[in-house]
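Please consult the sequence and the structure shown below.

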Amino acid sequence: MIGEAIRKLLGRTGSAEKSEEKIMKLIVGLGNPTKEYKGTRHNIGYMAADKIAAANGIVVNQHRLKALTGSGFIGGQRVLIMKPLTYMNLSGESVRAAADFYKLDPEDILIIYDDISLEPGKLRIRKKGSAGGHNGIKSIIRHLGGDTFPRIRVGIGGERHPGVDLADYVLSRFKPDELPVIEEALDKAAKAAELIVEDEIGKAMNLYNTPKQKKKKKKEASKPDDPVEAANTEKPEETVRPEETEKPEEAVRSEETENPDEVKDAGQEPKSTDGTTELI
């Protein structure tokens, strides 16, 4: 009787350990630890990880693999939600440790992070891609040896901010009027993450990707009622002889907007002067 009870107890324990090792998907929200950076634009990945955890009843409070982690189920898949504690530019150390421990391929690792080139609240979902100047993604690509991991980029900027240092901007907090938009974006990011975990990334992209702004602006510029073009197509008030007629000046067109997918490196890698860890 006693022996059987012990075997059952050991069996349950062994089963729990075995189940813990069967992590199928890894969800990583990027950010910087400590209260100083809580709620900043650069920590939108942390916020998304918390939103996903809350929506699926997962508690992220275990200190392991150089991160805060929590495991649970999403759509029948056992997942590990992770918030690296290495600071942004060393995020790859934590991601690689988890990938090695659970024997995960890059395609099974979803990364959620901020994008300065997108307006606040806009989402961009991709199956793979370059770092685009983001230090956290640079570190992950370096440690995993490739960029074939899915990612959700959440907009925190969009417009240029003249006179404001890029590092200061990404480490600032959202304005009160931006918070409702950010909250909605986090809800969408959580739903997109659930689809990606269930191997439905195509559906997630169709539902939650923000259309490229470049195409939209081109269409607007070609409208026939463009005020600049209209001004240059008005007939002259006075009648003049054909040989005296001057050619109308060509319409002034604004320069083509830069591709919002591209994130500039400038300002995103501030060098440390005292030997401390770079934050972004």
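## Salt bridges and their network

A salt bridge is taken here as a side-chain nitrogen of Lys or Arg within 4 Å of a carboxyl oxygen of Asp or Glu. In this predicted model, Lys 25, Asp 108 and Asp 199 are linked in a network of such bridges. The structure holds 10 salt bridges.

## The Arg 41 and Glu 178 pair

One of the salt bridges joins the side chains of Arg 41 and Glu 178, with an N to O distance of 2.8 Å. This pair connects distant parts of the chain: Arg 41 belongs to the loop between β1 (25-29) and α2 (44-55), and Glu 178 to the loop between α5 (166-170) and α6 (179-197), 137 residues apart.

Are these two residues buried or exposed? Arg 41 has a relative accessible area of 2% and is buried. Glu 178, at 14% relative accessibility, also counts as buried, because the limit for burial is under 20%.

## The Lys 83 and Asp 50 pair

The side chains of Lys 83 and Asp 50 form a salt bridge of 3.0 Å, N to O. Strand β4 (residues 77-84) contributes Lys 83 and helix α2 contributes Asp 50, so that distant parts of the chain, 33 residues apart, are linked.

Lys 83 is buried, with a relative accessible area of 11%, whereas Asp 50 counts as partly exposed at 37% relative accessibility.

## The Lys 66 and Glu 93 pair

A salt bridge is also present between the side chains of Lys 66 and Glu 93, at 3.2 Å from N to O. Because Lys 66 lies in the loop between β2 (62-64) and β3 (67-74) and Glu 93 lies in helix α3 (residues 91-102), the pair ties together parts that are 27 residues apart in sequence. Glu 93 is partly exposed, its relative accessible area being 25%.

## Packing of α3 against α4

How do the axes of α3 and helix α4 cross? The axes of α3 and α4 (residues 135-144) come within 7 Å and cross at roughly 40 degrees; the two helices are therefore oblique to each other. The crossing in which α3 passes α4 is right-handed.

On the α3 side, the contact involves Ser 91, Gly 92, Glu 93, Val 95, Arg 96 and Ala 99, which meet Gly 136, Ser 139, Ile 140, His 143 and Leu 144 of α4. By class, this contact comprises 4 nonpolar, 5 polar and 2 charged residues.

How values were computed
Residues are numbered from 1 along each chain as its sequence is written. This is a predicted model: local features need pLDDT of at least 70, side-chain atom pairs count only at pLDDT 80 or more; totals for chains, interfaces and linings use all residues. Side-chain values use heavy atoms; hydrogens and water are left out. Helices (H or I, at least four residues) and strands (E, at least two) are DSSP runs, numbered from the N terminus. Buried means under 20% relative accessible area, exposed over 50%, partly exposed in between (1.4 Å probe, protein chains only). Axes are lines fitted to C-alpha atoms, for helices over the stretch in contact, and angles run from 0 to 180 degrees between N-to-C directions. Angles under 35 degrees count as roughly parallel, over 145 as roughly antiparallel, 65 to 115 as roughly perpendicular and the rest as oblique. A crossing is left-handed if the near helix is turned anticlockwise from the far one by less than a right angle, and right-handed if clockwise. Contact means heavy atoms within 4.5 Å. Ala, Val, Leu, Ile, Met, Phe, Trp, Tyr, Cys and Pro count as nonpolar, Asp, Glu, Lys and Arg as charged, and the others, Gly among them, as polar.
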